[in-house]
Amino acid sequence: MSNDWYTLELDRQTSVSRPHAQQVQHALVLVMLLCVMGAVFLPLWQRGINRALEVEYQNLLETRLELEEQQQVLKASISSLSMPEALADGAWREDIVFQPIKAEAVVRVSRSN
């Protein structure tokens, strides 16, 4: 009785559709696993990128502070070298003699607007 005409067609349909349904079910399970893995690893990846950006930002701040300090040192050395005492000291080391300019040697030039 198991091969009646009304059950025979039903058995054929279920035997044909079962492998296809199992393939779809396996594909859905695989997709769900990939989604779960993505949901787990996405925040970790974002945290890693955020940490890398924070470290780079801190390095840039430190570099900026170092450059500002170097700039202050250079400004201080320039201002100390532009002082007349520094000029006289440098001239003495290099045997440069300062000569006064006499008023008769100055040539006056008039300006016209």
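Is glutamate 68 buried, partly exposed or exposed? Select it: glutamate 68 counts as partly exposed, at 35% relative accessibility. The tour returns to this residue after a view of the whole chain.

**Whole chain.** The model is predicted. Colour by burial next: of the 113 residues, 2% count as buried.

**Helix H1.** Select residues 5–81, which make up helix H1. Two salt bridges are counted in the model, and the next two stops visit them.

**Arginine 51 and glutamate 54.** Show both side chains. Arginine 51 and glutamate 54 form a salt bridge, and their closest N and O atoms are 3.8 Å apart. That pair falls inside the cut-off because a salt bridge is counted within 4 Å. Both residues lie in helix H1, three residues apart, about one turn of the helix. Arginine 51 is exposed, with a relative accessible area of 52%, while glutamate 54 is partly exposed at 40%.

**Arginine 64 and glutamate 68.** Move along to the residue from the opening question. Glutamate 68 forms a salt bridge with arginine 64, with 3.3 Å between the closest N and O atoms. Why can such side chains pair? Side chains of opposite charge can do so when their charged atoms come close. Arginine 64 and glutamate 68 are four residues apart in helix H1, so about one helical turn separates them. Arginine 64 is partly exposed, with a relative accessible area of 45%, and glutamate 68, at 35%, also counts as partly exposed.

**Nonpolar patch.** Which residues make the nonpolar surface patch of about 700 Å²? Select Leu30, Leu34, Val36, Met37, Val40, Phe41 and Leu44 to display it. To place one of these residues on the cartoon, centre on leucine 44, which is found in helix H1.

How values were computed
Residues numbered from 1 in each chain as written. Predicted model: local features only at pLDDT ≥ 70, side-chain atom pairs only at ≥ 80, totals over all residues. Heavy atoms only, no water. Buried < 20%, exposed > 50% of the residue type's maximum accessible area, 1.4 Å probe, protein only. Salt bridge = Lys/Arg side-chain N within 4 Å of Asp/Glu carboxyl O. Helix = DSSP H or I, 4+ residues; strand = E, 2+ residues; numbered from the N terminus. Patch = residues over 30% accessible without salt bridge, like charges linked within 9 Å, V, L, I, M, F, W, Y side chains within 5 Å. Areas by Shrake-Rupley, 256 points an atom, 1.4 Å probe, with all protein chains shown as cover.
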